Amino acid sequence: LKILLILITLALTSGYLFPFVPTFMPINTKMAMAIVGVCIAGYNMARQQIGGFRKDLLRLTVWALLISGFSFFAIVVNNTPDDTYVTYFISMWVWIGGAYTLVSWTKWVHGKASILIIGNYLAAVCVIQCALALAIDSSPFFHRISVMIQGPQLWLESVDRLYGIGAALDTAGVRFSLTLVVLAYIISHINEFDEKYSKWLPAYWIAFFVITIVGNIVARTTIVGVALGLLYIVVHTVWGHVRNSRIWKWFLIILLATVPITSFFYKTNGLFRENFEFGFEGFISLIETGKWQVGSNDQLANMVVFPDNTKTWLIGDGYIVNPKDIDEYYTGEITEGYYKNTDIGYLRFIFYFGIFGLIAFCLYFIVVTKNCCKRMPRYRDLFILFCLVNYIVWFKVATDEFIIFALMLMIDPRDCEPEPELIEES
């Protein structure tokens, strides 16, 4: 029964972290979990297990409403139908509802839902998604299973990109990055745990390497989490006050094991070699030519397009998606991809609701980070890493990481104090 409950928790974590529309459901997994979360919250309120709305969530709602307000103003003034962020405050609460479901279930299964336990599930799900991506790409059997669960992924296959169950492209890369910084935090603080739990250090390093390698093949955005995670471990263990040789001993052991295994598949498996060369194109180019050359970087450089008028800088043009897909009355320049043919997050937000909307969005995540730090101060470093991932990723793609903050906001701080625990079943 315990194993079954853990498998269900893994499925719920995956459905939250990588939402998709199953073939047997009319809505995506995130929405379904949010609906369940509302029901659980109502039940708990009726039993007086929880009080009214928390003040920190009300403050965040005000900030989310401000973002929605800038969006609404931009589309009204510009007379556009692009309401992508007009309902952002609703999206915020959908994530919170889904997170509440996941945290409530995890607490029921394990007796508590600490950051460490949630982090274990995040890492396990990402490793599973990486394995599924390789399996779906190479095995007709797993490909058929994927089609049965989430339907055909024709566009992803047409551009020859790996995908898991709901995990693909930059969305997957961002989730992998967030999980990698969670792993980096756990690894860095492994000596703070009970001895019976610190024995899982090799498993955490294995998960880190698997997500690093396969995650970059799925989406090269994963490199953000790799860089931040390794940097944090170095700073914490080398320049910090921590001296734990086991961390770097196991890093070297796993690294020395990973290199020959990866080299073997690279030389013997043409499909893996092709995928590996895509995921690590820059490093391969650096080794072979001495220059860092990545095709997507050149493409990204061509996407640096700034507004050419004051109005757009201030209030935007009211478009974040390609107007040719949503506005039959659009008469401006038609480009491929997104509006102005740019996928850079900062620029897309400026073109959508102007510099003031962008500033409000940036401040929103600072407020979210501060709220998390105030609730669980011992995990301050982790929350700052989440915020950094968000701001760095915006140089490449327009998305946000409230998904991970929603989880942190739903965790009961009492489950994380005074000492975090790992689940024995991990």
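This is a predicted model: local features need pLDDT of at least 70, side-chain atom pairs count only at pLDDT 80 or more; totals for chains, interfaces and linings use all residues.
Local features need pLDDT of at least 70 and side-chain atom pairs count only at pLDDT 80 or more, whereas totals for chains, interfaces and linings use all residues. Residues are numbered from 1 along each chain as its sequence is written, and side-chain values use heavy atoms, with hydrogens and water left out.

Helices α10 (residues 201–218) and α12 (residues 245–268) pack with their axes 9 Å apart, at an angle of about 45°. Helices are DSSP runs (H or I, at least four residues) numbered from the N terminus; axes are lines fitted to C-alpha atoms over the stretch in contact, and angles run from 0 to 180 degrees between N-to-C directions. The two helices are therefore oblique to each other (under 35 degrees is roughly parallel, over 145 roughly antiparallel, 65 to 115 roughly perpendicular, the rest oblique). In α10, Leu201, Pro202, Trp205, Ile206, Phe209 and Ile213 meet residues of α12 that include Trp250, Phe251 and Ile254 (contact: heavy atoms within 4.5 Å).

The volume of the largest pocket is about 1,600 Å³. A pocket is an open set of points on a 1 Å grid over the protein atoms alone, where a 1.4 Å probe fits, with protein on both sides within 12 Å along at least five of seven lines; lining residues have an atom within 4 Å of a point. The volume is the space filled by probe spheres set on the points, which are joined across faces, edges and corners. Of the 47 lining residues, Leu169, Asp170, Thr171, Tyr338 and Val397 lie nearest the centre of the pocket. Helix α8 (169–188) gives the largest share of the lining, 5 residues.
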